[in-house]
Amino acid sequence: MSSTDNIPPRPNTPLVAIIGAGIAGLCTAIAFAKFGAKVAIFEKADELGEVGASLQLSPNATHILTDLGLLPALQKHWIEPQSICMTDGVSLKPIKTLPIARLSRDEWHAPYALMRRTDLQRELLNAVRDMPNCELRLSSELNFANIESLQTDIEQRLEQKPDLVIGADGVWSDTRSILPNGAGVDYTGYVAWRFMTDTKARAHMPANINNSSNIMLMMNGDGHIALYPSDQYEQSNIVFVTEHLGDPHVTPDFDAMLLSMSLNPATVRMLKSSDHLGCWTINHVAEGAWTNGANIALIGDAAHAMSPFMAQGAAMAIEDAYVLANLICNSGQAVSQGLQQYEKRRKARVDKVRTRAMTNRIAYHAKGPIRAARNLVLTLKSPESLCRDLNWLYGWRAERE
């Protein structure tokens with residue numbers, strides 16, 4: 001890929017309606033607008049505001065964001081962690097350190113970044129507003145009674161029939177709900193506890209973990225903890241993923257959960273000294289159709305919400321956006337043919353990411369002999385060897401049609 005300027009709308013370029021103005025929807029709008037399409041984004045909220053702390057943007061995602069011309073705006077906000085440090089969650093002993101900043105630049109030729117969701121959405125929104133062929137319509141509640149009702153509603157609002165409607169409306173997608181053979185949502189049996197911590201709270205941890213410039217991954221049989229820097233190195237985000245087999249609509253008692261786990265006492269002290277931001281259920285979109293085969297498509301979590309064990313949720317949405325825009329605008333195919341190619345290409349890659357995520361879940365939460373074997377294997381492997389294992393993911397590049 002190479003950087004591109006905005007391409008003016010052309011007579012044969014599609015009119016694209018995007019449902020949802022989250023990260024996935026805004027990235028999709030930017031990609032289509034960059035390739036010359038006319039874009040309208042429909043968002044039911046009165047104003048935009050991302051939920052959550054920070055996210056990881058791996059090289060496969062930052063390469064696309066760079067190609068879309070977003071790097072100068074985004075890199076003002078993000079942090080490039082120096083290393084990913086894997087530790088045993090029980091003993092807190094180091095297992096393996098990956099120099100992720102160097103590997104990302106040298107091996108995958110794009111940065112590995114951490115960024116607040118709110119900052120990312122704000123800069124994407126600024127980019128959308130700067131594009132003359134892209135408009136955002138807030139407070140736009142659409143009619144999802146069926147496909148015909150949705151298409152008629154959008155056509156009336158635009159006073160023109162769109163060539164393509166894209167559902168970027170998240171895991172609980174209304175767009176997916178009206179697709180023939182659209183998938184359902186499954187609870188994974190896991191929840192994610194989120195915290196914000198500072199230097200005082202981190203001081204409970206050993207020196208090898210109390211490093212605010214690195215991502216710390218603590219693997220424990222009862223769950224895993226990712227500790228990573230925020231926009232200021234004085235603060236860090238904590239994501240603590242644990243199994244919860246009870247009612248997903250009932251938040252488990254955190255103190256009772258801690259008592260039931262074999263966490264290192266230092267970890268418990270750090271968690272109790274941090275600001276608790278809440279608990280989120282982790283849901284999974286099952287296998288199903290991503291398009292109607294004609295003029296409606298899903299992207300991001302609406303198509304394939306997945307467990308977080310590869311930290312690829314945002315990256316997969318960004319890849320979706322670029323691939324779909326590229327196929328529709330640049331391949332010369334009919335929209336229906338482009339959608340068929342999109343679903344075929346993206347499902348194969350997303351399935352591979354999901355499979356690897358499940359492997360990571362087993363490794364992160366290993367107990368007994370499996371835990372010992374995991375530690376030994378990671379200790380013996382070189383950072384470069386572990387890097388090569390991820391070339392298929394981080395080294396992926398979307399080619400122009």
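**Entry 1: the model.** I am working from a predicted model, so I read everything below as computed from it.

**Entry 2: the parallel sheet.** I began with an open sheet of five strands, and I read its order as β7-β2-β1-β8-β14, with parallel pairing. At its edges I found β7 (134–137) and β14 (296–298); each has a single partner strand, so one side of each has no neighbour in the sheet. From one strand to the next, I noted an average twist of 20°.

**Entry 3: β1.** Is this strand mostly covered or mostly open? I looked at β1 (residues 15–19) and found it mostly covered, with five of its five residues buried. I then sorted the residues by face: Leu15, Ala17 and Ile19 lie on one side, Val16 and Ile18 lie on the other, and all are buried.

Entry 4: I followed β1 to β2 (residues 38–42) and found the two running parallel, joined by five bridges. Isoleucine 18 has isoleucine 41 as its bridge partner in β2. Further along, β8 (residues 164–167) pairs with β14 over three bridges, again in the parallel sense. There I picked out valine 165, whose bridge partner in β14 is isoleucine 296. I also saw helix α13 (residues 335–364) packing on this sheet, where the helix touches β8 and β14 and its direction makes about 20° with that of β14.

**Entry 5: the mixed sheet.** Next I turned to an open sheet of seven strands, ordered β5-β4-β10-β11-β12-β9-β13, with mixed pairing. Which strands stand at the edges? I found β5 (94–98) and β13 (275–285) there, and each has a single partner strand, so one side of each is left without a neighbour in the sheet. Ignoring direction, neighbouring strands here are turned by 20° against each other on average.

**Entry 6: α12 against α13.** I compared these two helices and got an angle of about 155°, with axes 9 Å apart. An angle over 145 degrees counts as roughly antiparallel, so that is how I describe α12 and α13. Their crossing is right-handed. Among the residues in contact I listed Met316, Glu319 and Leu327 from α12, and Leu339, Tyr342 and Arg345 from α13. By class, the contact of α12 with α13 has ten nonpolar, two polar and five charged residues.

**Entry 7: α2 against α12.** I finished with α2 (residues 59–67) and α12 (residues 313–330), which pack at about 40° with their axes 9 Å apart. I therefore put α2 and α12 down as oblique to each other, and their crossing is left-handed. In α2, Asn60, Ala61, Ile64, Leu65 and Asp67 meet Ala315, Met316, Ile318, Glu319 and Tyr322 of α12. I sorted the residues of this contact into seven nonpolar, one polar and two charged.

Key: Residues are numbered from 1 along each chain as its sequence is written. This is a predicted model: local features need pLDDT of at least 70, side-chain atom pairs count only at pLDDT 80 or more; totals for chains, interfaces and linings use all residues. Side-chain values use heavy atoms; hydrogens and water are left out. Axes are lines fitted to C-alpha atoms, for helices over the stretch in contact, and angles run from 0 to 180 degrees between N-to-C directions. Helices (H or I, at least four residues) and strands (E, at least two) are DSSP runs, numbered from the N terminus. Angles under 35 degrees count as roughly parallel, over 145 as roughly antiparallel, 65 to 115 as roughly perpendicular and the rest as oblique. A crossing is left-handed if the near helix is turned anticlockwise from the far one by less than a right angle, and right-handed if clockwise. Contact means heavy atoms within 4.5 Å. Ala, Val, Leu, Ile, Met, Phe, Trp, Tyr, Cys and Pro count as nonpolar, Asp, Glu, Lys and Arg as charged, and the others, Gly among them, as polar. Two strands pair if DSSP finds at least two bridges between them. Buried means under 20% relative accessible area, exposed over 50%, partly exposed in between (1.4 Å probe, protein chains only).
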